Amino acid sequence: MTRLGNCLRVLLLLAAIPAAAGQPATAPEPEGYRLDDFRAPVPATLAGATVVTTQTLSRMLDRGHDVILIDVLPAPRKPPNLRPGAIWLPKKRRNIPGSIWLPNTGYGVLPTEEEDYLRRNLLRVTGGDSERALLFYCLADCWMSWNAAKRAVSWGYTNVYWYPDGTDGWADAGLPLQDSVPVPAGDG
């Protein structure tokens with residue numbers, strides 16, 4: 001084998017080490033919003049925001065850091081083919097204690113009413129202070145929280161955090177979750 005061939009083989013082996021070492025796969029940070037395939041590896045970064053780990057978030061909360069926790073997981077929708085009179089019991093959402101749940105606000109393209117709902121509620125919870133700390137999350141490997149945090153940055157919020165491990169990472173660490181209900185559409 002040629003010297004160049006050996007070098008290429010070594011480079012390929014080195015590139016495989018993080019994946020073999022159990023490192024989570026990450027995606028490159030796109031310029032725009034993620035528009036589909038929301039449950040997929042997410043970037044390690046978000047321009048204009050601070051990415052936090054479970055340990056960092058837990059420490060922030062233990063120390064009384066004044067951060068507004070925002071869960072953006074979509075609310076379950078009633079199945080369209082549910083037979084008339086059938087009882088539908090949507091799965092309960094459990095999120096990080098102290099969170100507000102603003103469902104359906106992490107899609108790449110938001111209908112006007114969902115965008116207005118997110119804007120109104122961010123204004124309400126921050127009291128109009130664009131420097132208030134906001135932390136967005138959803139589930140692990142879910143682009144919805146990334147999209148929502150990116151949207152807040154684009155709207156001029158300057159103290160935005162993104163927690164990519166979401167409730168999955170929180171629960172895996174043995175930290176408590178609480179039942180949640182979405183903020184009603186009329187609020188904000």
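**Charged pairs**

Seven salt bridges turn up in a search of the whole structure. The model is a predicted one. Side chains of opposite charge can pair when their charged atoms come close. Here are some of them.

Select R34 and D37. Their side chains meet in a salt bridge, at 3.4 Å from N to O. D37 is partly exposed, with a relative accessible area of 49%.

Next, select R39 and D168. They form a salt bridge whose closest N and O atoms are 3.8 Å apart. What does this pair tie together? D168 sits in helix α5 (residues 166–172), while R39 is in the loop between α1 (3–20) and β1 (49–51), so the bridge links parts that are 129 residues apart in sequence. D168 is partly exposed, at 28% relative accessible area.

Now go to helix α3 and select E115 and R119. The closest N and O atoms of this salt bridge are 3.3 Å apart. The two residues are four apart in the helix, so about one helical turn separates them. R119 has 36% relative accessibility and counts as partly exposed. E115, at 26%, also counts as partly exposed.

**The nonpolar cores**

Clear the selection and pick I70, L122, L134 and F136. These have the most contacts inside the largest nonpolar core, which has 33 residues. Color the elements that give two or more residues to this core: β2 (67–71), β4 (100–101), α3 (112–126), β5 (133–137), α4 (143–154) and β6 (160–163). Which of them gives the most? α4 does, with six residues.

Zoom in on F136. Leaving aside residues up to four places away in sequence, its contacts include I70, V72 and L122. It also touches A148, A149 and A152, among others. Further along the chain, V160, Y161, W162 and Y163 are among its contacts too.

Then select L69, A133, Y161 and W170. They belong to a second, separate core of 12 residues.

**Last stop: I100**

Select I100, in strand β4. Is I100 buried or exposed? Its relative accessibility is 17%, so it counts as buried, the cut-off being under 20%. Beyond residues up to four places away in sequence, I100 touches L69, I70, D71, V125 and V183. Finish with a distance: from I100 to V72, C-alpha to C-alpha, is 8.7 Å in space, and the two are 28 residues apart in sequence.

How values were computed
Residues numbered from 1 in each chain as written. Predicted model: local features only at pLDDT ≥ 70, side-chain atom pairs only at ≥ 80, totals over all residues. Heavy atoms only, no water. Core = buried A, V, L, I, M, F, W, Y, C linked by side-chain atoms within 4.5 Å. Buried < 20%, exposed > 50% of the residue type's maximum accessible area, 1.4 Å probe, protein only. Contact = heavy atoms within 4.5 Å. Salt bridge = Lys/Arg side-chain N within 4 Å of Asp/Glu carboxyl O.
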